[in-house]
Every structure is written in C-alpha cells, then in structure tokens.
Amino acid sequence: MNKRWLSRVVLISFIAAAAACSDKDSDAETEVEDPGQTPADSTLSYRDLPVALCGMDAYDLIDPSTLGKIVSQEESPVVDMPAESLGAILAAGGLNMTPKHDAKVYRFRYTTQDRGQEIEATAMIGFPVGASLGNVPLPLLSYSHVTLGFSDACAGGRNFVYQMAIAGMASQGYVVVASDYIGMTSHGAPSTVTHAYELGEPAAIGAWDALRAGESLITQLEPSITTTKQTVLAGASQGSLSIFFQERFGPYYAPDFDVSAVVGLVPVLDMLKSSDLAVDIYSGNSFYSAVMHTS
C-alpha cells in the first residue's frame with residue numbers, strides 16, 4: 001500500500017474539516033469580499049465561460065441543469081466498513097486516525113459533457129453511516145485525485161487505496177464525491193473520449209456534474225442522510241489543478257453550491273515553468289508534460 005499517498009489524501013479531510021467548521025457569522029471576524037467570488041444575485045451564466053480557445057472548432061456548452069443525472073450504480077458498495085476496521089486499515093497505510101463513523105463507498109455513472117457533447121462518466125460517492133451520525137445535514141466534499149494514469153484501467157474508482165481514502169474522508173462526516181476524470185471510467189461501458197490530462201475545463205465540468213449527481217444518488221442509497229450546499233473542494237497534484245479550475249467555474253456552472261474551502265496539496269501552479277523544466281531536465285515531469293501536450 002502506498003503509505004505516502006494514503007496519508008496525503010486523508011490528511012485533506014482534517015484540513016477541510018477545520019475550514020468547513022469555521023463560523024462564518026462570528027462577530028469577532030470581519031468578512032472581506034473576495035474578488036473571485038460571485039454575489040448570489042449575479043447574472044453570470046455557464047454561457048459566459050470561455051470555451052473553444054486556441055483555434056479549436058467552435059462549440060457551445062450544454063445547460064448544466066440538464067446534466068448530472070444518474071445513469072447506473074453498483075448494487076453493492078465497494079467499501080462497507082465499521083469505523084474500527086477502517087481505522088485499522090488506514091493505520092496500516094501509515095495514517096493514525098480515528099474514524100468518527102462507519103462508512104460506505106459506491107461507484108456510479110452519470111451524465112456530463114465534453115466540448116458541448118453529452119457523454120457519460122463515472123465517480124465514487126462515500127458517506128458515513130450508523131447510529132453515531134445523528135440527524136444533522138452533512139457538508140459535501142468534492143475530491144480530485146493525483147495522476148494515476150490516462151485510461152479506464154487507471155480510473156480512481158478501480159484503485160483500492162483511493163477507495164479507502166474516500167472512505168476515510170467520509171468517516172469524518174462528509175458526503176464525498178470523487179469523480180474519475182472524463183476519459184477514465186470505473187463502472188459500466190468503456191469511455192468514449194480521451195482523458196484530457198491537466199486541462200481545466202473537462203476536469204471542472206466533470207467534477208461539478210458528478211457532485212450534482214451525487215446529491216441525487218445519496219437520497220437513494222441512504223434516504224436518512226440530508227446534505228447542505230456547503231462544499232469543500234479538495235485534491236492533490238493533478239487534482240489540485242483540477243479543483244482550482246473547479247472553483248473558478250463554480251459561479252458560472254454550479255452557482256447553487258456554497259464553496260467554503262479549497263484545499264490543494266502539492267499543486268501544479270506554474271505550467272510554463274513546469275514545461276520548461278520538463279525539457280531542460282529529464283525526469284518524470286518530462287513524461288507528464290508530453291502527455292499533457294498531446295492530450
């Protein structure tokens with residue numbers, strides 16, 4: 001088991017928990033308007049997003065309200081584990097934590113879009129269960145994973161360590177939706193499009209549509225659970241770049257979600273410098289940059 005990776009992805013749940021539990025209405029704090037945020041009465045629309053750039057053929061995005069629909073789901077969870085067992089497995093992976101709740105993780109298939117064409121993609125949903133949960137509405141956590149590969153066989157939903165990481169986050173009291181990137185499917189028919197590595201638009205759109213589908217699915221899988229619109233966006237490495245775009249797309253593509261925190265570990269921040277280094281010094285980054293430019 002990759003101890004470093006497991007520790008990294010579940011560490012996000014603690015950082016995100018602190019962010020999500022902060023009191024926005026505290027009299028001791030003065031809120032400062034973030035120019036990146038959009039007022040609730042904004043007239044921004046998904047039609048305002050810049051698409052078909054750099055000489056691409058023109059296309060229009062599909063109305064997101066028509067997407068994020070559940071196509072299918074696995075009848076049995078890929079993870080169904082009491083808190084004690086989950087804690088023991090996470091500890092074996094190098095992370096000593098105490099899950100607060102039992103957790104389940106399912107894979108599902110949903111509708112989204114790629115360059116203005118409706119397609120299907122896959123994701124996982126993890127959520128806490130058990131008597132310890134109570135009746136409090138749960139916050140959402142949208143997670144984007146590190147680079148695992150570029151095809152269906154490498155989809156996050158097929159990876160045991162990733163499945164356990166999602167269960168660990170869910171055990172802290174989140175409804176976690178973890179999208180497999182468009183072009184990497186873990187459930188149902190093979191993908192019909194190529195994974196666009198490190199490109200913001202498909203990553204952001206796929207993640208928002210997956211989250212919307214997850215909201216619908218949780219009412220079927222565990223009707224006793226209700227969710228808030230409070231949402232944490234979290235990711236690592238490739239996933240960090242994805243969630244940064246997801247946050248920027250939010251006011252246009254998914255304005256009904258309330259993003260309370262964005263947590264990115266080992267983020268890719270300077271693509272130009274990364275590309276320069278990939279050419280100047282042969283390393284793993286040279287391979288990843290080549291894949292990015294040919295996606």
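**Exercise 1. Find which residues Lys104 touches, leaving out those up to four places away in sequence.**

Solution. Step one: list the contacts, meaning heavy atoms within 4.5 Å. Lys104 touches Val79, Asp80, Ile125, Gly126, Phe127 and Val129.

Lys104 belongs to strand β3 (residues 102-114); helices (H or I, at least four residues) and strands (E, at least two) are DSSP runs, numbered from the N terminus.

Step three: look for a charge partner. Lys104 is buried but has no salt bridge, and Asp80, the nearest side chain of opposite charge, is 4.2 Å away. Buried means under 20% relative accessible area, exposed over 50%, partly exposed in between (1.4 Å probe, protein chains only). A salt bridge needs a side-chain nitrogen of Lys or Arg within 4 Å of a carboxyl oxygen of Asp or Glu. Lys and Arg count as positive, Asp and Glu as negative, while His and the chain ends are not counted.

A note before going on: this is a predicted model, where local features need pLDDT of at least 70 and side-chain atom pairs count only at pLDDT 80 or more, while totals for chains, interfaces and linings use all residues. Residues are numbered from 1 along each chain as its sequence is written, and side-chain values use heavy atoms, with hydrogens and water left out.

**Exercise 2. Count the aromatic pairs and describe the one formed by Tyr143 and Tyr162.**

Solution. Step one: apply the rule. Rings of Phe, Tyr and Trp (its six-membered ring) pair if their centres lie within 6.5 Å; planes under 30 degrees apart are stacked, over 60 edge-to-face, and the rest tilted. The count comes to four aromatic pairs.

Step two: one of them joins Phe108 and Tyr110, tilted, at 5.8 Å centre to centre with 50 degrees between the planes. Both Phe108 and Tyr110 are buried.

Step three: Tyr143 and Tyr162 also form a tilted pair, with 5.9 Å between centres and 45 degrees between planes. Tyr143 lies in strand β5 (residues 138-144) and Tyr162 in helix α3 (residues 160-170), so this pair ties together parts 19 residues apart in sequence. Both Tyr143 and Tyr162 are buried.

**Exercise 3. Say where Ser237 lies and what its phi is.**

Solution. Step one: find Ser237 in the loop between β7 (227-236) and α5 (238-253).

Step two: read the angle. Ser237 has a positive phi of about 55 degrees, although it is not a glycine. Most residues other than glycine have a negative phi.

Ser237 is partly exposed, at a relative accessible area of 24%.
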